[in-house]
Amino acid sequence: MAKVLVFIDNPGQALKKSSLELLTIARSLGETAVAVNGALNDDVVAALGAQGATAVFRPSSEDLDAYLIGPKAAYLAGAVAASGATTVLLENSFDGKEIAARLGIKLGAGVITDVVGVEADGTAHKSVLAGSYTTTAKATTAVSVLTVKPNSVTPEPAAAAASPEVLTVDVPGSATAGAARITGRKDKPASGRPDLTEARIVVAGGRGVDGDFGPVEELADALGAAVGASRAATDAGWIGHDAQVGQTGKTVSPQLYISAGISGAIQQKAGMQTAKVIVAVNKDAESPVFEIADFGIIGDLFQVLPQATEEIKKRKG
Amino acid sequence: MKIIVLVKHVPDAQLDRHLSDEDNTTDRADSILSELDEYALEAALQLTEARGGAKAGNQVIALSMGPAGAVNAIKKSLQIGATEGVHLRDDALAGSDAAATSLALAAAVRHLGADSPVDLVLTGMASTDGETSLVPAQLAERLDLPQVTFASELEVDGGRVIARRDSDTHYDTVEATLPAVVSVTDQINEPRFPNFKGIIAAKRKTITTLTLAEIGVDPAQVGKAGSWTEVKTAAARPPRTAGTIITDEGDAGIKLVDFLAAQKLL
């Protein structure tokens, strides 16, 4: 049976939904082992067992978070060797893709990013050129490294739980010698909203919000959604750059994307193209966004959004 | 200071983009200098100008790998202010994935550092065609250099590079010794436009063409033969069709919620 290794960087107190998705895909490909970095608590080990993981690897070094990318890739290469995995799955974050990148060179393994589905033979499905094409790709090497986008599969529990063995992988001292060091860290204030790249629903505002994200944020909170923004809105300083969706920002593929005051120029469309359902609210009936919206409202977002928010609250009681 | 800036000739993202029918590679008609590479070029120019610019012997080398048309990305870089251009061009490179691309670029960087050492390799955060962000990290791995990626602020102090890097949950300060591979985001600066003087000056600047033989790369290591991934199928996504469009008559918010309820999205 093929062996699959899933990398989970700092699992924390409980497994994130995106990690459960990776584990669900891993089980469909073969016997699953997990490599973690950072603290590993017993509940997480149990949860990994419930997900069918037969082995959990930890690094011998506790300070990998003090460095950028390189040492984590070196650790993971050791975990691949120890597990005998022929497929490695990582999350599709910037860090996940770069760890995959360096791991690929270390192992002589093909790397495929932005994966939304994996077949049993390792063929990966992805969409390219801002969602205008869907492709299948496959590594031609003995080991393949895949980074998988969130919301690609519905997480499911394993048919049978396992009691994973916890094993340590030696990280050579040379792994950190020449690496870039993180010398300062400032936490960003937590918004309490779901992470934009993982959210099931995104409410995004553009130029049309004219400096006031209030109605966008209130609708997002009523729906339990993340808040996104077009580049025009982040460049204007109305909302942090973190919220930027689209070609130079984050790619999202939620179930529902509500676009408010966004005209839908090509680069903005790129940010919403892969959403399952698109709703658009815009004053300008000629906006290109209406060409791709499943439900379009020609109207003032400052009227429509608050009314929708009230109605959702009423129905949710 | 000697800085190599990687510049890529990519299909204009403002237009519809296509994969070719025969081999699933990107159709490069209507290509331009990747917008995200302009930030890397600007960062290089600011670093070298702060040290006396070209007159003081600082070099900003725009390096592009690609077919004949890629020279346009180099020419634009020279107009903006790069001091020289290098075009890595060889038919065997066509169809290279990130691994093969990073192999060829690493060899080109070593070649360019043979006479005098390179301090920095600067890149954009991703290409706007492949969008994988793999190449900067793979280049760092192949050159055995520290990588400082997604920098939104950048300074060089003595033999160190110091950058700010934003992630979803925090801002990091990252430090590495030179030489290093650095990728920058679109938040780092406001790229300048070429002006008339720059356009005239660019005509006198040198563009060197390099082949694989000159940088010591076996053609079998690059292109489709040297790639570790293969695109098997590509299909244009069916265009999204417009759904229901309504004009607000005072109750559009409620109709919106009705729609969400019908789609089971509440």
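Figure 1. D114(A) is buried, at a relative accessible area of 10%. Buried stands for under 20% relative accessible area, exposed for over 50%, and partly exposed for what lies in between (1.4 Å probe, protein chains only). This is a predicted model, in which local features need pLDDT of at least 70, side-chain atom pairs count only at pLDDT 80 or more, and totals for chains, interfaces and linings use all residues. Residues are numbered from 1 along each chain as its sequence is written, chains are lettered from A and ligands numbered from 1 in the order in which they are written, and side-chain values use heavy atoms, with hydrogens and water left out. D114(A) sits in strand 5 (residues 110–118) of chain A. Helices (H or I, at least four residues) and strands (E, at least two) are DSSP runs, numbered from the N terminus. Neighbours within four places in sequence are set aside for the contacts of D114(A). The remaining partners in chain A are N92(A), K97(A), H125(A), K126(A), S127(A), T147(A) and K149(A). E131(B) is a further contact of D114(A). Contact is defined as heavy atoms within 4.5 Å. T251(A) is 137 residues from D114(A) along the chain, yet their C-alpha atoms are separated by 9.4 Å.

**Figure 2. The ring pair of F94(A) and F150(B).** These two residues form a stacked aromatic pair, 4.3 Å centre to centre with 25 degrees between the planes. Rings of Phe, Tyr and Trp (its six-membered ring) pair if their centres lie within 6.5 Å; planes under 30 degrees apart are stacked, over 60 edge-to-face, and the rest tilted. The pair crosses between chains. F94(A) belongs to helix 4 (residues 94–107) of chain A, and F150(B) to strand 7 (residues 147–157) of chain B. F94(A) is partly exposed, with 34% relative accessibility. F150(B) is buried, with 4%.

**Figure 3. The ring pair of F295(A) and F259(B).** The planes of F295(A) and F259(B) are at 10 degrees and the ring centres 4.7 Å apart, so this pair is stacked. The pair also crosses between chains. F295(A) is in strand 15 (residues 295–298) of chain A. F259(B) is in helix 8 (residues 252–262) of chain B. Both F295(A) and F259(B) are buried. The structure holds two aromatic pairs over all chains.

Figure 4. I69(A) has a positive phi, near 60 degrees, and is a residue other than glycine. I69(A) lies in the loop between strand 3 (55–59) and helix 3 (70–83) of chain A. The relative accessible area of I69(A) is 3%, so the residue is buried. D144(B), a residue other than glycine, also has a positive phi, near 55 degrees. The loop that holds D144(B) runs between helix 4 (134–143) and strand 7 of chain B. D144(B) is exposed, at a relative accessible area of 67%. L178(B) and P179(B) are joined by a cis peptide bond, with omega about -5 degrees. P179(B) is placed in the loop between strand 9 (170–177) and strand 10 (180–184) of chain B.

**Figure 5. E310(A) in helix 9.** Helix 9 (residues 301–316) of chain A carries E310(A). E310(A) is partly exposed, at a relative accessible area of 46%. P215(A) is 95 residues away along the chain, and the C-alpha atoms of E310(A) and P215(A) are separated by 11 Å.

**Figure 6. The two chains as background to the close-ups.** Chain A has nine helices and 15 strands. Its radius of gyration is 21 Å, close to the 20 Å of the globule rule for 317 residues, so chain A is as compact as a globular protein of that length. The radius is taken over C-alpha atoms, and the rule is 2.2 Å times the number of residues to the power 0.38. The C-alpha trace of chain A spans about 60 × 40 × 40 Å along its principal axes. Of the 317 residues of chain A, 58% are buried. Chain B has eight helices and 13 strands. Its C-alpha trace spans about 70 × 45 × 40 Å along the principal axes. Of the 266 residues of chain B, 52% are buried.
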